[in-house]
Amino acid sequence: MGRRDAPLPEAVDLAIIGGGVMGLATAYELSKRAPERRICVIEGSYLVSGASGRNGGGVRSQWGDAGNVAIMRESLAICRGLAQTLNINLWFRRGGYLFLARSDASAARLARNIAVHRSVGAPTEQLTAREAKELVPELDVSNVRAATFNSEDGVVFPWPFVWGYASEASARGVAIRTHTRVTGLGEARHAGHDGYDLTLHTGESLWARRVLNATGAWSPVLNEMLGIDLPNRPHRHEIISTEPLKPFLDPLVVDLDSGLYFSQSTRGEIVTGVTMHDVPGGEDDRVNLGTSLEFLERMAANLTAVLPLARALHPVRQWSGPYDISPTATPSSVALLDTPTSSRCVASRVMDS
Amino acid sequence: MMAPAVGRLLAAYLHDGTRHPMLERWRPERFALGQSQRREDMIIG
């Protein structure tokens, strides 16, 4: 897998910056299709140090956009066989996702989403409050107006995804360098080809014909080196895990009105978070991995309202991770810099906006 | 977690130029060109 002293070639066909699940999945998939390509992955810290190691591990098709639902159904299909493919236990638990709506507006969103999901074949079911309680008897559903459930959704332990992809990519010849920051990125020609020079904090440098900026919420730093200004910004999300309980909770439960979600890990912990629109310390555009008492208070108030038994639980660990959010909350494939010409084109068009 | 599927899409593009419709939708020019796109409103947590 990745090492801080992994040798890097002087020139590669593709340099992937960012050793999270996105970068490593791409490295693995490309190394399978094109074993002759020289590929390297450069991670500024350790594998799973970024958002890939800080999330709740949810894998769901219950989104609001049909394209996102379709992509997530593909991800779920891949996940079903990925443990065997990567030869690692991903702790994929297919307990489904249960969404609860406590307002008319949220109930309308769920009803609209069911139509979207069914249009692309996702088997999302509309449930009553009583049916939701039959799925999870410990819930307080007294104010629930509507619910949806998709049994295909589930939860994974996200770290083995990163390790599994890294291990298999490495076995196929991908160089994975950890603890190495890219401090310079600029256009350069090499052996008659357009491409990019990468300067590393170690004093090393290499040339890449293509660059994939897979650093997520940290991506504006690299984009800036090429004069690209995209409107994606980091948004801090906090999460806690509690002391363990005897297993009782199969689905991941979401309270749509508050943005609360919770699941039970294989160790029995309740893993939970809640939407914070006004993130404490989140005023600037930099990634902030702090935690806050405000989150703990909001999470506890919402969790105990939906899951009353949580009143007796103590948090054991609290951490945060960044979402990489665009104005439409959809990804940008600008991260893929085909050639300097295309990156300049993107840069000028975006910056002129 | 979209990465398993999106990793395949990106790898296919890098390998032979195959562009999945979602990669087209995610092109950053949409911000500069003012193309309207439905906001994904099911982001949780």
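Biologist: Which side chain meets Arg3(A) in a salt bridge?
Modeller: Asp5(A) does, at 2.7 Å from N to O; a salt bridge here is a side-chain nitrogen of Lys or Arg within 4 Å of a carboxyl oxygen of Asp or Glu. This is a predicted model, in which local features need pLDDT of at least 70 and side-chain atom pairs count only at pLDDT 80 or more, while totals for chains, interfaces and linings use all residues. Side-chain values use heavy atoms, with hydrogens and water left out, and residues are numbered from 1 along each chain.

Biologist: Is Asp5(A) buried or exposed?
Modeller: Asp5(A) is exposed, at 51% relative accessible area, whereas Arg3(A) is partly exposed at 44%. The classes are buried under 20%, exposed over 50% and partly exposed in between (1.4 Å probe, protein chains only).

Biologist: What does Lys32(A) form a salt bridge with?
Modeller: Its partner is Glu29(A), with the closest N and O atoms 3.8 Å apart. Glu29(A) is buried at 2%, and Lys32(A) is partly exposed at 38%.

Biologist: Changing topic, how many salt bridges are there between chain A and chain B?
Modeller: There are four. In one salt bridge, Asp65(A) meets Arg25(B) at 3.0 Å, N to O.

Biologist: And what area is buried between chain A and chain B?
Modeller: About 4,600 Å², with 64% from carbon and sulfur atoms; buried area is the accessible area (1.4 Å probe) that two parts lose on being put together, summed over both.

Biologist: How many residues does each chain give to the contact?
Modeller: Chain A gives 63 residues and chain B gives 37, contact meaning heavy atoms within 4.5 Å.

Note on methods: Chains are lettered from A and ligands numbered from 1 in the order in which they are written.
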